Amino acid sequence: MNINHHLDEATLFSYVAGALSQGMALVVASHISICDSCRERVFETEAIGGALLDDVVNDNSPDSSSVSVKVNETALEQVLACLDEEAPVTTPGKIPPDGESTVGNTSEVPAPLRDYIGGSLDAVQWKRLSSGFYYFDVFSEQRGICRLLKVAPGKSILHHGHHGNELTLLLRGSYADEVGRFAQGDIADLDDQIEHQPLVDGDENCICLVATDYPLRFTTLLGKVIQPMTGF
Ligand SMILES: [Zn+2]
């Protein structure tokens, strides 16, 4: 699998810190289960977190302000040094966090997602949204969504922005938008500054796992009118 789009640093740190919503965390876990590069970055980030913790625990100074200074000076340097390093060489066959090797894994459904939808995208109980659009809610979030989307070739999502972050993991097919072109394994890690209109550009259905923190911000009247019916 040739993956060209990866998680950004902020999402990675939030994932390691356990600060993501359940839906966001599922998308991240699904991506890192198939992406050697991002999985390695997670391990590095966890190591940085451990170093931060060690710094705090090992400092016995009674003055709390000196603890703060020590953490800021040493740990921050380590964090910045790691961020400056080249992306690590991928390690095929390395055991991912869920304990399942990706070698020889030809399933389109990443291991973390299988607990929710089973092992086949074709066996999902799709619900029809409109012509060429289907969805399956993986589970409900307080404000956002965590759902599978299946969109037919040539169809596009209505132009929209975001009130928070949106994570999209491509499971089958491809789409193109203002950000770039996304194919199987790629993750679109978008913040509230991005507005886009994804268009399915291949000759097969595009199936992706999408999680948002908040409802989308549709930029057209049509989008705003149909938003309550779509659950987006
Ligand atoms: Zn990645």
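**Entry 1: aromatic pairs**

My cut-offs were under 20% relative accessible area for buried, over 50% for exposed and partly exposed in between, with a 1.4 Å probe and protein chains only. The model is predicted, so I read local features only at pLDDT of at least 70 and side-chain atom pairs only at pLDDT 80 or more, while totals for chains, interfaces and linings use all residues. Residues are numbered from 1 along each chain as its sequence is written, and side-chain values use heavy atoms, with hydrogens and water left out.

I searched the whole structure for aromatic pairs and got two. Rings of Phe, Tyr and Trp (its six-membered ring) pair if their centres lie within 6.5 Å; planes under 30 degrees apart are stacked, over 60 edge-to-face, the rest tilted. Y116 and F139 have ring centres 5.4 Å apart and planes at 50°, so I logged the pair as tilted. This pair links distant parts of the chain, 23 residues apart: Y116 sits in helix α5 (residues 111-117) and F139 in strand β2 (residues 133-140). Helices (H or I, at least four residues) and strands (E, at least two) are DSSP runs, numbered from the N terminus. Y116 is partly exposed at 37% relative accessible area. F139 is buried at 14%. For Y175 and F182, the centres are 5.2 Å apart and the planes at 25°, so that pair is stacked.

**Entry 2: zinc site**

I listed the protein donors of the zinc ion: H6 (ND1), H31 (NE2), C35 (SG) and C38 (SG), at 2.1 to 2.3 Å. Donors are N, O and S atoms within 2.8 Å of the metal (3.2 Å for Na, K and Ca); water is not among the atoms, so sites may look incomplete. The angles between the four donor atoms run from 93 to 129°, which makes the arrangement tetrahedral. Four donors count as tetrahedral if all angles lie between 85 and 135 degrees. The spacing in sequence reads H-x24-H-x3-C-x2-C. H6 lies in the segment before α1 and C35 in the loop between α2 (22-32) and α3 (36-58), so the pair ties together parts 29 residues apart in sequence. H6 is partly exposed at 30% relative accessible area. C35 is buried at 2%.

**Entry 3: strands**

I checked β8 (residues 187-190) next. Both faces are covered: I187 and D189 on one side, A188 and L190 on the other, are all buried. Strand β5 (residues 166-172) pairs with β8 in the antiparallel sense over four bridges. Pairing requires at least two DSSP bridges between the strands. E166 has L190 as its bridge partner in β8.

Methods. Tetrahedral: all angles 85-135°; square planar, octahedral: opposite > 155°, others 65-115°.
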